[in-house]
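Please look over the sequence and the 3D structure below before reading on. The text then walks through selected features.

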Amino acid sequence: MGERKTIKRLGKPVIASAIAGTLIFGPSFVPGVAGWASAATTAAQQQLTLQQESIVTAGVKQRSYVWTRTTKTNQNVSTNVKVIVADLNHPNVKLDVMTGQDGQFTEKDNVLNMARSTGAVAGVNADYFDMASTEPAPFGPQVSSGALMATPALGLQGMYAFGITKQNKPIIETFASQGVVTAANGQTYALTGLNRVVGTLGNAIYKYDAAWGSVMRAKDATAHTEVLVVDGVVQSIFTGGSRYPEEAPANGFILSAGGTGAEFIANNVKVGDKLEAKATLVPVNPNLTYTENDFKMLVGGHTILLIDGAAASFTRDVSGISGSGNTARTAVGFDKSGRYVYMVTADHAAGSVGPTLSDFQKLLIELGLWRAVNLDGGGSTTLVSRPLGEFEAALANVPKDGSQRRVVNGLGVFSTAAPAALKDFIVDGPKLLWKGQTVSYNVKAYDVNYNPLDPKTLAAPVQFKARGTNLMVDPTTGVFTATAGGADTVVAYSGNVGEDLPVEIADRHRIAKLEIVPNAAPSKWKVGDAIQLGLRATLTDGRIGTIPADLVKWSQFGANGSIVGDTLTFLGYEEGAKESMLVARFDGFPTPLAVPVPQQRNLTDFAAVPWSIAPESYPAQAIADAKLSGETNNPWLSLAYDFSAGDGATDLAAYATFNGSDGVALDSGAKAFQLDVFGDGQGGRLRAEFTDATGALQRVTLAESVDWTGWKTVSVEMKDFDPATLKRIYVLSKKQIKGEIAIDNLSLQYPEAANANPVAVALTVGKKDVVGGGQPQQLDVAPVIDKERTFVPVRFVVDALGGHVDWDAADKKVTIRKGGHFIELWVGNTDLIADGERTVSDVPPMLKSGRTMLPLRFVSEQLGLNVAYDPATKGITIQE
């Protein structure tokens, strides 16, 4: 059954379009003067908790935080925050702009690809852009590796940019564009911008170089002019709206001119002339004198967020970027000293609630930023970093829409250090092993600058050893084998550099529960099917893992099949089998999987349902939907529910109701009700409603908690009443949950032996005379009372009721297989394993005259048998 997913998106059609359109006539901003919106106020209940800090490279760290706070509506929310901290005083740390694919604006790419292609060790998304444009470009200015790549878009006041000067100082300021075109005859004309998206040229001239990356430059449909310049010399002039058909060359540029700009070209420029076109940046603040030549790098952003360590008034209208909504955010800024640059993302995915823009300001203040600017957010928010010892960056945050968005540029962090001496290793491999498992370990090496080294190039080859005795290593292959349970240490070393990896080895003594997990419910198995069988282990400390297939030993009882690795080729049942099961063992610890033999009476497999199915819910806050789903030739009943509107204290229910108010008539005498359920893991209670022969309503719990995922066969015994009709199946919960389960293969079990000739065993304490199956017999050992507990001979009772008992004299172990149950217990020991789960009996089994005696309570509880005891006669009756 496929999982249905709904992705909710915030109401911003395209971030960049909103900026470029709605806000293009916004006012300019001067720090200290109130702008578009109120700045952040002091947070009332908030806590920033550092979860992890790791070194990316020398001078660069990544920090992971969880930020919890109380919203204005008194809701407690948390946000996953990632931070890259770069030390500008470190000689090998460099920040620069990463641009699209191959350094071109119009060829967008995701931040991870940009980081990997440029060799960045970390990075975040940067400037806003028009997502709807086929030739996007950043809205703000851009300087990369000291070269001007784009001037800011016209008319977007209050858009701040982040840069690093050639004196290695960070700045956050606003910039405008200036420029001039100079013809060979000395005449000049204003150059409006460099590498800009232009719809209508008007009288302007724009310059496009190789960073533009598209043959489409100005989109003006009027009769504009284009000029191709290579090595400073005019190569071609295109008039009347015609265009140079290729991208600008690496050693040249193209001018697009309209109106009087085109006239300037016509009157002053001809092929073969020298032509200069110089674009420059000027700060909006008249007290500053920066130009593009003063920067190592510069990248655009949006509103300023912090000034002098305090929340600033927004310098633009933030409604177009969901300023008051919860969404993912990205920012860059620096501390008061100007030494440390902070690149910050706040996620809005996977349970993390993205902040409003004013909340984002509070977060940045808590992180220690002094001045900060907002970068593109929402689906663009991305942070990548290179794990220690790795050669490439990896995605570090969780993108809002589930995958990375392709953007025009990003802010990258680089290490300029040359390869140096080995500092240390990271031993890479599993920390939890299973007894008998073989595994190879690798190392990730890094040098004194925390940059990766290829372990194969080290002067001394990497070698492995085990520090303890629970692991064995083959010195020729480096393969480890877990030989015993407990703890040990994997050691990797090269010369005098070594690193330890503590490992834990789980054996049968660490297992609390084993479960066979097939990829299809056993009731659906058909002869010839290939069934994947997983073996899931729950350890005594609650951890869950999967046992490798080569460590599992299988037994089959009543079923025929071939098991190779984790795959069963199902071949049916042994002739005459009334019960069948598979038993898996890991290190001797067993667990069964009952494989139903087709003796039950099928109610429906939903391929052809002769009665109606309708959804119902109660109370009004509950929402239910019941319908047939799945494949045409293999449908099932889907029951979806939504209890998220509940109060957490009242039961809500979602029903699948059968055949209206009449229900589905059932043959009398059913002993059990069985169905296959595809769980959603939400923990709701699964129940069914029947009526008995008197018409009284009977509710039966099918599962206390649907805490599993995937198909599972669920069965419930009908001990207390004889079902006459099945009314409905439903999910019930007080929790505010939402989910969907699937139901298939409804059946009622009418065991032939139980219905035709119920088998009973009659015994008497202290007497060897017994009656089994109506026949008088003699026991070797009579039932006894010991320490106020009644004990019965296990082999006779189980055999008489159609089960099987095995005895291991060496270990004094009894194995019982009966009715889908598989139990192992040891004489004198209260520990036992019942149906794959470790448990404890109140009294242990005992030996009497060579016969194993079980406590009567055990027979009742673990084997699901009915036991009656008459204290007057000391008579015992045991019956299925």
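This is a predicted model: local features need pLDDT of at least 70, side-chain atom pairs count only at pLDDT 80 or more; totals for chains, interfaces and linings use all residues.

Residues are numbered from 1 along each chain as its sequence is written, and side-chain values use heavy atoms, with hydrogens and water left out.

Side chains of opposite charge can pair when their charged atoms come close. A salt bridge here is a side-chain nitrogen of Lys or Arg within 4 Å of a carboxyl oxygen of Asp or Glu. Searching the whole structure gives 36 salt bridges. One of them joins Arg339 to Asp87, with 2.8 Å between the closest N and O atoms. This pair links distant parts of the chain, 252 residues apart: Asp87 belongs to strand E3 (residues 76-87), and Arg339 to the loop between strand E20 (329-334) and strand E21 (340-346). Helices (H or I, at least four residues) and strands (E, at least two) are DSSP runs, numbered from the N terminus.

How accessible are the two partners? Arg339 is partly exposed at a relative accessible area of 32%, whereas Asp87 is buried at 10%. The cut-offs are under 20% relative accessible area for buried, over 50% for exposed, and in between for partly exposed (1.4 Å probe, protein chains only).

Glu390 and Lys444 form another salt bridge, their closest N and O atoms lying 2.5 Å apart. Glu390 sits in the loop between strand E23 (383-385) and strand E24 (394-395) and Lys444 in strand E29 (residues 442-447), so the pair ties together parts 54 residues apart in sequence. Both residues are partly exposed: Glu390 has a relative accessible area of 27%, and Lys444 has 21%.

Arg405 and Asp401 also meet through their side chains in a salt bridge, at 3.9 Å from N to O. Arg405 is buried, with a relative accessible area of 18%, while Asp401 is partly exposed, with 22%.

Gly542 lies in the loop between strand E37 (530-539) and strand E38 (544-546). Its relative accessibility of 46% makes Gly542 partly exposed. The C-alpha atoms of Gly542 and Glu366 are separated by 36 Å, and the two residues are 176 apart along the chain.

Next comes a sheet. Strands of a sheet pair through backbone hydrogen bonds, either parallel or antiparallel. An open sheet is built from four strands in the order E59-E60-E67-E66, with antiparallel pairing; two strands pair if DSSP finds at least two bridges between them. Strand E59 (784-786) and strand E66 (846-848) each have a single partner strand, so one side of each is left without a neighbour in the sheet. On average, neighbouring strands of this sheet are turned by 45° against each other, direction ignored.

Within this sheet, strand E60 (residues 789-793) and strand E67 (residues 851-855) run antiparallel and are joined by three bridges. Val792 has Leu854 in E67 as its bridge partner. Helix H7 (residues 856-863) lies across E60 and E67, at about 70° to E67. Contact means heavy atoms within 4.5 Å; axes are lines fitted to C-alpha atoms, for helices over the stretch in contact, and angles run from 0 to 180 degrees between N-to-C directions.

Finally, the largest nonpolar core has 39 residues, of which Phe673, Leu702 and Ile729 touch the most other members. A second, separate core has 31 residues, including Leu95, Ala122, Tyr160 and Ile164. A nonpolar core is a set of buried Ala, Val, Leu, Ile, Met, Phe, Trp, Tyr and Cys residues joined through side-chain atoms within 4.5 Å.
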